[in-house]
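Here is a short report on salt bridges and helix packing. Look at the sequence and the model first, then read on.

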Amino acid sequence: MPASRGLVFTAPWKVEWEDIDLPDGPPAGHVFVKARRSVISPGTELATLSGSHIRFTIPDPSPWEYPQRPGYCMVGTVAAVGQGVSGMETGDRVLSQSPHRSMTDVDTEAVVVQKVPQGLDDGPAGLARLSAIAMNGVRLAGLKLGETAAVFGAGLLGQFSAQICRLSGGRNVTIVDGIDARLEIAHLNGVDQVVPAGDDTVERLREITGGRGFDVVIEATGNPDAVPDALKAAARGGRIVLTGSTRGTVEINPYAHIHQTGVSVIGAHENIAGNPPVHSGGWTSRENVRLSLDLLADGSLTTLGFLTDEVPAERAAQVYELLANDPARHLGVVLHWLDV
């Protein structure tokens with residue numbers, strides 16, 4: 001049977017390898033995908049590796065436990081096709097919502113898997129999974145042509161959120177972050193304004209809109225301390241979209257910052273898109289990924305400076321340390337699987 005090796009988090013800050021047995025051939029409706037490259041999703045994966053992800057503590061539906069198998073942004077080649085699969089052939093290059101492993105058995109009905117357009121490199125193609133998450137948040141915001149938008153967080157999710165706001169007709173699109181290098185990357189990719197995070201963040205944001213506040217504010221950090229500032233930065237009747245998975249409880253004044261101002265708070269976990277769709281006007285996760293790949297391929301979405309590192313997959317343990325300890329230098333990391 002085919003052999004596969006994959007990453008597994010066995011305890012906080014412990015990254016190991018495991019051998020995975022696959023059947024002799026893919027079951028009906030499945031394909032085998034041989035990994036080429038996979039992109040680390042820094043926020044989710046570091047929170048999982050450190051044990052800080054809120055899913056380790058919430059009782060409903062059930063708390064996470066170790067081991068955890070990270071990854072959901074893999075680009076690979078279809079190695080075998082099961083019965084009943086249409087539109088895919090052996091040798092096709094695809095983006096799959098698969099963990100970091102050398103070979104994956106992919107259920108094409110349950111897992112988002114899409115062909116990669118010709119001319120789009122593996123690394124940027126892997127980013128389409130993150131772009132689709134950002135896209136879902138902007139869709140849920142209902143951003144209209146000419147409305148203003150601010151994004152808290154200039155990680156990969158926030159960078160894409162800002163660009164998609166601009167593509168959707170947003171004006172004065174502004175991104176907030178505490179790392180200067182990430183603000184510079186946002187500038188390179190066409191964001192209108194950048195604001196360093198600090199004690200005067202809200203005041204600076206409101207100045208940009210003449211004191212009115214932003215129509216849409218997207219929280220893409222996952223930091224619970226950012227949510228109160230996001231609420232304060234919103235205009236009366238504005239919308240706050242929680243795109244980042246908030247890592248803990250939030251202390252807010254609901255009377256002053258929600259009730260009196262008429263602000264709407266919108267949860268934007270990707271499962272809200274769903275397959276079939278739950279919300280987002282009928283757009284599924286699969287369709288958001290397909291559109292993201294097309295926008296990356298035709299240059300409508302740009303990724304200048306997003307991918308700071310490409311390393312062999314066997315060095316993954318050291319890579320997570322770099323992401324955690326030096327976020328100013330390391331943003332997007334690609335794991336290279338061709339020799340694993």
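## An exposed pair

Aspartate 326 is partly exposed, with a relative accessible area of 24%. Buried means under 20% relative accessible area, exposed over 50%, and partly exposed in between (1.4 Å probe, protein chains only). The side chain of aspartate 326 meets that of arginine 329 in a salt bridge, 3.9 Å from N to O. Arginine 329 is exposed, at 62%. A salt bridge here is a side-chain nitrogen of Lys or Arg within 4 Å of a carboxyl oxygen of Asp or Glu.

This is a predicted model: local features need pLDDT of at least 70, side-chain atom pairs count only at pLDDT 80 or more, and totals for chains, interfaces and linings use all residues. Residues are numbered from 1 along each chain as its sequence is written, and side-chain values use heavy atoms, with hydrogens and water left out.

## Other salt bridges

The whole structure holds 11 salt bridges. One of them joins lysine 14 and glutamate 16, with the closest N and O atoms 3.6 Å apart. Lysine 14 is partly exposed at 41%. Glutamate 16 is partly exposed at 31%.

Arginine 37 pairs with glutamate 310, and their closest N and O atoms are 2.8 Å apart. This pair links distant parts of the chain: arginine 37 lies in strand β3 (residues 30-39) and glutamate 310 in strand β14 (residues 307-312), 273 residues apart. Strands (E, at least two residues) and helices (H or I, at least four) are DSSP runs, numbered from the N terminus. Arginine 37 counts as buried, at 17% relative accessibility. Glutamate 310 counts as partly exposed, at 46%.

## Helices α1 and α10

Helix α1 (residues 42-50) packs against helix α10 (residues 316-325) at about 105°, with axes 11 Å apart. Axes are lines fitted to C-alpha atoms, for helices over the stretch in contact, and angles run from 0 to 180 degrees between N-to-C directions. The two helices are therefore roughly perpendicular. Angles of 65 to 115 degrees count as roughly perpendicular, under 35 as roughly parallel, over 145 as roughly antiparallel, and the rest as oblique.

Glu45, Leu46 and Leu49 of α1 touch Tyr320, Leu323 and Ala324 of α10. Contact means heavy atoms within 4.5 Å.

## Helices α3 and α4

The axes of α3 (residues 128-141) and α4 (residues 156-167) come within 8 Å and cross at roughly 50°. That makes α3 oblique to α4.
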